[in-house]
Amino acid sequence: MQLIDQKQWSPYVWTSLESAGVEFILSHDGKVSLSCIEHKYICLLFSAKWCRPCNNFMTKLLNLYKTLNSTSPGSNLEILFVSLDHDESSFLDHFRNMPWLAVPFDQKISQKLRVMFHVEQIPSLIPLVSVDGKFSVEEDAVRLVDYYGVDAFPFDAKRRKELEAIDEARSQGGRLEELIGSKDRNFLICKDDSKISISKLVGKTIGLYFGAHWCPPSRSFTEMLVKTYNELENSEVGRFEVVFISMDRDENEFMASQKLMPWLAIPYNDKIRHDLSRIFDVKWIPTLIILGAEGNVISRDGRVMITRYGPAAFPFTEKRVKEVEGTLEEEGARLPREVSDPRHEHVLKLDMARNYVCDVCQQGGRFWVFSCRQCDFDLHPCCAEKL
């Protein structure tokens, strides 16, 4: 990273802009001199009206800009819009919604600046930041703003490392109130809109459930998780709670998700939903993160555990999974490889199934089953033993 002496900062910016052909910049009041950005904290925004990701990013950037200027006027943040629109009309339409400055529309100038600052995609936000009294051209800050919002300022490498360290510490778990609560919220909500204090979850095994109503695999897994949750709720095995972290597209979908769930949820309008998705690096849904009684992360594969073993895997530790697998191996070793049942015409082979319904007793079963490989017939080992 090339550092520029602070005394040479303004001339450096001017030289960079002037070398690309920029003679003045635009405010909403008209033309202004390049000197208006002197002593400002400059970020170059490469964007275009036709670009959907750019329009989505604008909402976050506007919020950050207005928040910083109202709460931290000393930040001196200024954004300089560099248009990659196809025509001046689109540029003006895009710029109309921006409270900051802009480089006059000129496709040749925009392309020169794009090459100069190594912009490969848009939106792109290039901070020109202070480092120990000197200035540097930092890497694209779009993802940083997407992830952290106003907390991302001042967008430099030091701030990136600080935020990543905070996320890493939180990803290890700890105090529930700090992990899934905030200064303004110390509760979770039920589907009837009642509130439950987060403190009441302390000491329980917690499943952080990332899912969405629009996602078929999520809806399917929700059914499995509900069965496991209800069985554990009605047993004396242990204390288990699930907290839903919605990935739904709007509040109506969130409410549709909640109707299927007997557990708690983080309010839809709470930004902590997005923070937790980032902190635990959730790349797909459904995802179930398991926290132990001490608040520490004990598994990131809760979905696999529930799908394979249901409530038998509680408290969902690797040790418990190995115990369940060992018990199943012992049970399987004691069972015959096949049986003949007078209630069915074909030989029944020993098999393993996550869930099935016995065709004799009509009760649900899991794991070992005697199945017909020619037709849809399942026999619970207990029913086979009664012959």
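Which residues point one way from β4, and which the other way? Tyr-41, Cys-43, Leu-45 and Ser-47 point one way, Ile-42, Leu-44 and Phe-46 point the other way, and all are buried. Buried here means under 20% relative accessible area, exposed means over 50%, and partly exposed lies in between, with a 1.4 Å probe and protein chains only.

Colleagues, a word on the source. This is a predicted model, in which local features need pLDDT of at least 70 and side-chain atom pairs count only at pLDDT 80 or more, while totals for chains, interfaces and linings use all residues. Residues are numbered from 1 along each chain as its sequence is written, and side-chain values use heavy atoms, with hydrogens and water left out.

Let me stay with β4, residues 41-47. Helices (H or I, at least four residues) and strands (E, at least two) are DSSP runs, numbered from the N terminus. In β4, 7 of the 7 residues are buried, so the strand is largely enclosed by the rest of the structure. Strand β5, residues 77-83, runs parallel to β4 and is joined to it by 7 bridges; two strands pair if DSSP finds at least two bridges between them. Within this pair, Phe-46 stands opposite Val-82 in β5.

I turn next to the nonpolar cores. Such a core is a set of buried Ala, Val, Leu, Ile, Met, Phe, Trp, Tyr and Cys residues joined through side-chain atoms within 4.5 Å. The largest has 40 residues, of which Tyr-209, Leu-225, Trp-263, Phe-316, Phe-370 and Leu-379 touch the most other members. Helix α8, residues 216-233, supplies the largest share of this core, 5 residues. Leaving aside residues up to four places away in sequence, Leu-225 touches Tyr-209, Val-242, Trp-263, Leu-288 and Ile-306, where contact means heavy atoms within 4.5 Å. Another core, of 30 residues, lies apart from it and has Ile-79, Phe-91, Ala-141 and Val-142 among its members.

Strand β18, residues 364-371, pairs with β19 in the antiparallel sense over 2 bridges. The open sheet consists of 4 strands in the order β16-β17-β18-β19, with antiparallel pairing. Its edges are β16 (338-340) and β19 (378-379), each with a single partner strand, so one side of each is left without a neighbour in the sheet.

Helix α11, residues 302-309, lies across β17 (347-357) and β18 and runs at about 60 degrees to β18. Helix α12, residues 318-334, packs on the sheet, touching β17 and β18, and its direction makes about 35 degrees with that of β18. For these angles, axes are lines fitted to C-alpha atoms, for helices over the stretch in contact, and angles run from 0 to 180 degrees between N-to-C directions.

Which residues of helix α9 are buried? In α9, residues 251-259, they are Glu-253, Phe-254, Ser-257 and Gln-258. They cover an arc of only 145 degrees around the axis, which puts them on the same side of α9; the arc is that of the directions from the helix axis to the C-beta atoms. The face turned away from this buried side carries the exposed residues Asn-252 and Lys-259. The cover over the buried residues includes β9 (187-189), β12 (240-246) and β13 (264-265).

Strand β13 contains Leu-264, which is buried with a relative accessible area of 7%. Its C-alpha atom is separated by 8.1 Å from that of Ile-196, 68 residues apart along the chain.

Finally, some backbone features. The peptide bond from Ile-122 to Pro-123 is cis, with omega near 0 degrees, and Pro-123 lies in the loop between α4 (107-116) and β7 (124-131). A cis peptide bond also joins Ile-285 and Pro-286; Pro-286 is in the loop between α10 (272-279) and β14 (287-291).

Gln-362 is not a glycine, yet has a positive phi of about 65 degrees. Gln-362 sits in the loop between β17 and β18 and, at 53% relative accessibility, counts as exposed. Phe-367 has a positive phi near 75 degrees, lies in strand β18 and is buried, with a relative accessible area of 14%.
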